[in-house]
Amino acid sequence: MRTYVTGHRNPDIDSLASAYALAELRRRQGMEDVVPLCPGLMPERAAWLFDRFNCKPPVSMSDVHLRVGDIMDREIPIVSGRTSLYYAVKMLRKSGYSRLPVSGPDGELLGMLSPLCLLENLLDVGAEQGLAGREINTSLRLMAEIVKAKEPSGSDIDALRRLKVYVGAMGADSFDEHLPRTGDLAVIVGDRPDIHLRALQHHVRVLIVTGGRPVDQLISEEAGRLGVAILLTDYDSATVIRRLRFSSPVEESGLAKCRLVLEPGHRVRDISDDVLEQPEDVIPVVDASRKVIGAVLKRQIGAVPPSRMILVDHNETSQSIPGAEELPVIEVVDHHRIGFPATKLPIKFTADVVGSTCTLVAMMYRSAGESLPPGLAGLLLGGIVSDTLNLISPTTSRLDHRMVDWLEKLSGVSASDLMGELCRIASPLVTGVARDVIDADRKSYSEDGFSFSLSQVEESNLALLERRREELERQMDEIMKAEKLDFIGLMVTDAVRGNSRLLLLGDRRLREAMPFVSDDNGVFSLPGVVSRKKQLLPQVLALISTLRKPGASPDSEIPGT
């Protein structure tokens with residue numbers, strides 16, 4: 001079973017580095033097929049850090065929605081349309097499936113082979129074609145295969161012919177009267193040379209000689225001259241008649257039409273109701289060129305997913321990669337508030353009041369006695385210094401300091417030097433697209449009926465916010481409307497000087513109640529505030545609880561504003 005290790009959407013260095021390092025730790029401890037993820041595009045600074053320490057970046061994925069390709073049965077037998085009905089039915093019975101997909105010459109889906117369709121064909125007694133009629137549509141190769149005769153020679157043995165089947169079980173004169181004068185005929189005969197000769201005189205297409213009897217040399221030569229195929233079989237006439245009914249290729253045998261056809265990219269949540277409403281248990285799956293590649297069984301809808309999740313640097317599903325709610329979470333490593341939903345089964349949950357998730361992962365390596373090579377130690381060090389602003393953030397703990405000291409020794413890199421290198425990577429407000437600046441490290445929350453997002457970027461020149469304010473406001477307003485948020489904020493932080501500025505849009509009462517000074521354009525100054533989690537978010541949550549306290553109407557003013 002595959003296990004994804006992922007940080008929050010709009011990932012930052014801490015979430016990416018901790019996901020990568022934890023995946024490596026779990027692999028060392030015996031967990032198979034562990035894949036660290038980057039939800040979306042990797043930020044430039046994170047990409048630089050992975051390259052700096054020669055670590056392969058996590059796989060970028062936009063979602064982990066369960067898809068048809070994740071649950072489909074790729075081992076289901078696929079019947080070629082040119083397979084004889086006899087052997088197709090054997091395949092169906094041996095497979096244990098209620099029906100099987102049938103493919104054409106290029107692998108395209110032709111229909112489904114099912115017992116119900118075969119029964120309908122068999123019971124259609126009045127039809128000239130089909131299992132109950134005299135007429136069969138088959139080839140010389142398939143006929144020889146069915147009656148276990150030596151395969152005839154010729155270039156047209158695979159050509160389909162519509163033949164009428166007769167049995168020469170009467171006297172020569174009666175046989176003459178019984179046999180039509182025209183049409184493609186297949187005649188089943190015994191060891192009577194006179195009947196063989198009469199059949200050749202009628203220019204039949206196929207002469208099937210039963211009972212393992214040889215054919216006179218003169219008869220064989222005449223048949224060759226007339227272009228009549230002779231099939232010698234050990235079966236008796238009654239057996240040959242029954243088997244010939246099933247010599248037609250399965251594509252000619254009334255296949256069931258497909259009411260529903262799936263593709264591997266379809267999300268399971270989108271197609272589950274349609275699958276469950278089908279009367280059939282097996283639904284075919286095709287690729288973009290309509291080639292059959294597998295099938296989905298009804299029992300696979302709602303079964304245990306083939307993948308599971310480990311969450312790092314977050315524990316609220318609203319902050320996770322889209323689709324995470326569809327997969328079971330087996331572990332969480334985080335340093336934020338607990339908003340994880342109740343679970344049916346126990347899970348491993350590691351949380352502590354520290355400044356960085358990388359601190360917790362580094363401690364897990366140390367506690368487990370696992371070695372940290374210089375590159376991996378440097379990656380974890382980069383996660384800590386970026387999330388704690390080189391240990392000056394108020395979220396910084398003693399454990400952060402201890403792990404930084406340890407990782408500096410292992411990596412051979414100074415935390416201060418690494419922070420300086422990170423800060424020299426391109427300025428977000430100088431080079432970044434407005435939407436990318438907002439989404440680079442944006443977290444969404446739901447509290448007391450409010451839905452909101454708070455973004456944070458690090459910038460050495462806070463004046464750049466004013467230069468791009470209008471552009472950023474337009475993008476933030478679009479996000480707020482699209483995601484139906486009550487408000488949205490962008491916090492721009494100068495880690496060196498320990499200050500931030502906040503651009504806040506949305507709920508008027510919240511903006512008026514903010515305990516910070518704003519300029520004429522509504523941009524708040526946040527002196528000494530560098531942590532979204534420990535300094536800004538608690539202020540916002542406190543105001544929300546006041547806005548929606550019991551007895552207060554949604555439009556009431558906050559006392560003292």
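This briefing describes selected local features of the structure shown above.

The model is predicted. Its aromatic rings form 6 pairs, and the number of disulfides comes to 0.

**Aromatic rings and nearby charges**

- The structure holds 6 aromatic pairs. In one of them, tyrosine 86 and tyrosine 87 have ring centres 5.0 Å apart and planes at 85°, so the pair is edge-to-face.
- Both partners of this pair are partly exposed: tyrosine 86 has a relative accessible area of 22%, and tyrosine 87 has one of 25%.
- Tyrosine 445 and phenylalanine 452 make a stacked pair, with 5.2 Å from centre to centre and 25° between the planes.
- Tyrosine 445 is buried at 6% relative accessibility, and phenylalanine 452 is buried at 0%.
- These two residues belong to one aromatic cluster, formed by Tyr445, Phe450, Phe452 and Phe487.
- Arginine 52 is placed over the face of phenylalanine 53, and the distance to the ring centre is 4.7 Å.

**Packing of helices H12 and H13**

- Two packed helices are described by the angle between their axes and by the distance between the axes.
- Helix H12 spans residues 357–368 and helix H13 spans residues 374–387; the two pack at an angle of about 145°, with their axes 8 Å apart.
- On the H12 side, the residues that meet H13 are Cys358, Thr359, Val361, Ala362 and Tyr365. On the H13 side, their counterparts are Leu376, Leu380, Gly383 and Ile384.
- Sorted by class, this contact has 7 nonpolar residues, 2 polar residues and no charged residues.

**Cysteines**

- There are 0 disulfides in the model. A disulfide requires two cysteine sulfur atoms within 2.5 Å.
- The sulfur of cysteine 55 has its closest cysteine sulfur in cysteine 358, 11 Å away, which is too far for a bond.
- Cysteine 358 is likewise in no disulfide, and its nearest cysteine sulfur is that of cysteine 55.
- Both residues are buried: cysteine 55 has a relative accessible area of 9%, and cysteine 358 has 0% relative accessibility.
- Cysteine 358 is also one of the H12 residues that meet helix H13.

**Residues with a positive phi**

- Most residues other than glycine have a negative phi.
- Asparagine 54 is not a glycine, yet its phi is positive, at about 55°. This residue lies in the loop between helix H2 (44–52) and strand E3 (59–61), and with a relative accessible area of 73% asparagine 54 is exposed.
- Aspartate 448 is not a glycine either, and its phi is positive at about 50°. Its place is the loop between E17 and strand E18 (450–458), where aspartate 448 is partly exposed, with a relative accessible area of 43%.

- Aspartate 441 sits in the loop between helix H17 (434–439) and strand E17 (442–447). Its relative accessibility is 11%, so aspartate 441 counts as buried.
- Apart from neighbours within four places in sequence, aspartate 441 contacts His8, Asn10, Asp12, Leu454, Ser455, Gln456 and Arg532.
- Serine 307 is in strand E14, which covers residues 307–312. The residue is buried, with a relative accessible area of 9%.
- When neighbours within four places in sequence are set aside, serine 307 is in contact with Met1, Arg2, Tyr4, Leu327 and Pro328.
- Serine 220 belongs to helix H9 (residues 217–226). At 31% relative accessibility, this serine is partly exposed.
- With neighbours within four places in sequence left out, serine 220 is in contact with Val215 and Ile230.
- Serine 220 and histidine 196 are 24 residues apart in sequence, and their C-alpha atoms are 9.7 Å apart in space.

Notes: Residues numbered from 1 in each chain as written. Predicted model: local features only at pLDDT ≥ 70, side-chain atom pairs only at ≥ 80, totals over all residues. Heavy atoms only, no water. Helix = DSSP H or I, 4+ residues; strand = E, 2+ residues; numbered from the N terminus. Buried < 20%, exposed > 50% of the residue type's maximum accessible area, 1.4 Å probe, protein only. Contact = heavy atoms within 4.5 Å. Axes fitted to C-alpha atoms, helices over the stretch in contact; angles between N-to-C directions. Nonpolar A, V, L, I, M, F, W, Y, C, P; charged D, E, K, R; others polar. Phe/Tyr/Trp six-rings, centres within 6.5 Å; stacked < 30°, edge-to-face > 60°. Lys NZ or Arg CZ within 6 Å of the ring centre and 35° of its normal.
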